[in-house]
Amino acid sequence: GSLRVGVGGGVGVCVCVGVCDSGAEGGFGVKRTHRIRRDEQLNLSINQIREKKSFLCIGLDIDLDRIPSHLKGEQDPIFSFAKEIIDSTNKFAIAYKPNIAFFEAHGVSGWESLGKIINYLNSEYPEIFTIADAKRGDIGNTSNMYAKAFFQNLEFDSITISPYMGK
């Protein structure tokens, strides 16, 4: 589980317990790709916790109406704001968790911003765990498409899920 604390500027801070539940079956799905295996990711996360003496997971719930005004004129203010947050907090954070709804609300440009953010994290801070806060949950083939979108295409390390609520 995690404790959620609101912070100004449309950013949420999620202080995760354990390894943001990533090592548990259920909770968050952990991808298995050529980039890094699940056990390697778990070891990286544990090492990050030990080195940083932190369980800090930064939630990127970026609301354009609440970002600093000096960033609103940027070509991609969502990415610029996220980059400032990441560059200011990576020494303390063991994970970043973009809330997908805040990107989806902007259509294609929101997805492009999300892509830039995850690419930036994976290239500049590959040791830091990423969580797609998407709260997806469905049956077989639909879940497979969510997995393809977030793990293969966007290269997140994990995704939040919601349980299937049907019969």
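Phenylalanine 150 touches Ile100, Trp111, Ala132, Ala134, Arg136, Glu155, Phe156 and Ile159, leaving out residues up to four places away in sequence; contact here means heavy atoms within 4.5 Å. The model is predicted, so local features need pLDDT of at least 70 and side-chain atom pairs count only at pLDDT 80 or more, while totals for chains, interfaces and linings use all residues. Residues are numbered from 1 along each chain as its sequence is written, and side-chain values use heavy atoms, with hydrogens and water left out.

Phe150 is also among the residues that touch the most other members of the largest nonpolar core, together with Leu60, Ile86, Tyr96, Ile117 and Phe156; this core has 30 residues. A nonpolar core is a set of buried Ala, Val, Leu, Ile, Met, Phe, Trp, Tyr and Cys residues joined through side-chain atoms within 4.5 Å. Buried means under 20% relative accessible area, exposed over 50%, and partly exposed in between (1.4 Å probe, protein chains only). At least two residues of the core come from each of strand 4 (56-60), helix 2 (77-89), strand 5 (93-98), helix 3 (100-104), helix 4 (107-124), strand 6 (129-136) and helix 5 (140-153). Helices (H or I, at least four residues) and strands (E, at least two) are DSSP runs, numbered from the N terminus. Helix 2 contributes the most to this core, with 6 residues. Apart from it lies another core, of 6 residues, which include Ile49, Ala95, Phe129 and Ile131.

The chain as a whole has 5 helices and 7 strands, in the order β-β-β-α-β-α-β-α-α-β-α-β along the sequence. Of its 167 residues, 45% count as buried. Among contacts between residues at least 6 apart in sequence, 73% join residues at least 24 apart.

Helix 4 can be taken next. At 1.5 Å a residue its 18 residues should span 26 Å, and its end C-alpha atoms are 26 Å apart, which agrees; the expected span is 1.5 Å times one less than the number of residues. Its buried residues are Gly110, Ser113, Leu114, Gly115, Ile117, Ile118, Tyr120, Leu121 and Asn122. Their cover includes strand 4, helix 2, strand 5, helix 3 and strand 6.

Leucine 121, in helix 4, has a relative accessible area of 1% and is therefore buried. Leaving aside neighbours within four places in sequence, leucine 121 is in contact with Ile86, Tyr96, Pro126 and Thr130. Leucine 121 and lysine 83 are 38 residues apart in sequence, and their C-alpha atoms are 8.8 Å apart.

Lysine 83 belongs to the contact between two helices: Ile78, Phe79, Ala82, Lys83, Ile86 and Asp87 in helix 2 meet Ser113, Lys116, Ile117, Tyr120 and Leu121 in helix 4. The two helices pack at an angle of about 25°, with their axes 9 Å apart. Axes are lines fitted to C-alpha atoms, for helices over the stretch in contact, and angles run from 0 to 180 degrees between N-to-C directions. That angle makes helix 2 roughly parallel to helix 4, a term for angles under 35 degrees.

Two further places remain. The 14 residues of helix 5 should span 20 Å at 1.5 Å a residue, in agreement with end C-alpha atoms 19 Å apart. Proline 68 is found in the loop between strand 4 and helix 2, and counts as partly exposed because its relative accessibility is 29%.

Notes
Parallel < 35°, antiparallel > 145°, perpendicular 65-115°, else oblique.
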